[in-house]
Amino acid sequence: MLDTKSYIKVTKVIFAIVGLVHLLRLLMGFDLVIGGWVAPMWISLFGVIIPWYIAYNGYQLVSKKKK
């Protein structure tokens, strides 16, 4: 099992990657199709902001535990 610090590190990396993929979608214009439904591009804006916010909070949480 992962300890709390390792868990937070893993999740912040995953959320940062998810945000990066959404940013690439916005910049390159990739289509996101879910069950035949094409997601509008503005959804990826939230897909960048929210995961990066969560990753940033994870970074802050790990930084506070070091002190």
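User: Of the contacts in the chain with a separation of 6 or more, what share comes from residues 24 or more positions apart?

Analyst: Welcome! This is a predicted model, in which local features need pLDDT of at least 70 and side-chain atom pairs count only at pLDDT 80 or more, while totals for chains, interfaces and linings use all residues. Residues are numbered from 1 along each chain as its sequence is written, and side-chain values use heavy atoms, leaving out hydrogens and water. With contact meaning heavy atoms within 4.5 Å, residues 24 or more positions apart account for a share of 59%.

User: How far apart are the end C-alpha atoms of helix H1?

Analyst: Helix H1 covers residues 4-28, which is 25 residues. The expected span is 1.5 Å times one less than the number of residues, so H1 should span 36 Å. The model agrees with this, as the end C-alpha atoms are separated by 36 Å.

User: Which side chain of opposite charge is nearest to Lys 12?

Analyst: Lys 12 is one of the buried residues of H1, where buried means under 20% relative accessible area, exposed over 50% and partly exposed in between (1.4 Å probe, protein chains only). Lys 12 is in contact with Ala 55, Gly 58 and Tyr 59, leaving aside neighbours within four places in sequence. Lys and Arg count as positive and Asp and Glu as negative, with His and the chain ends not counted, and a salt bridge is a side-chain nitrogen of Lys or Arg within 4 Å of a carboxyl oxygen of Asp or Glu. Lys 12 has no salt bridge, and 12 Å away is the nearest opposite charge, Asp 3.

User: How far from Arg 25 is the nearest side chain of opposite charge?

Analyst: Arg 25 also belongs to helix H1. Not counting residues up to four places away, Arg 25 touches residues including Phe 30, Pro 40 and Ser 44. Arg 25 is buried yet has no salt bridge, and its nearest opposite charge, Asp 31, lies at 5.3 Å.

User: Is Phe 30 buried or partly exposed?

Analyst: Phe 30 sits in the loop between H1 and strand S1 (33-34). Its contacts beyond four places in sequence are Leu 24, Arg 25 and Met 41. With a relative accessible area of 46%, Phe 30 is partly exposed.

User: What angle lies between the planes of Trp 42 and Phe 46?

Analyst: Rings of Phe, Tyr and Trp (its six-membered ring) pair if their centres lie within 6.5 Å; planes under 30 degrees apart count as stacked, over 60 as edge-to-face and the rest as tilted. The structure holds one aromatic pair. Trp 42 and Phe 46 form this edge-to-face pair, 6.1 Å centre to centre, with an angle between the planes of 80°.

Notes:
Helices (H or I, at least four residues) and strands (E, at least two) are DSSP runs, numbered from the N terminus.
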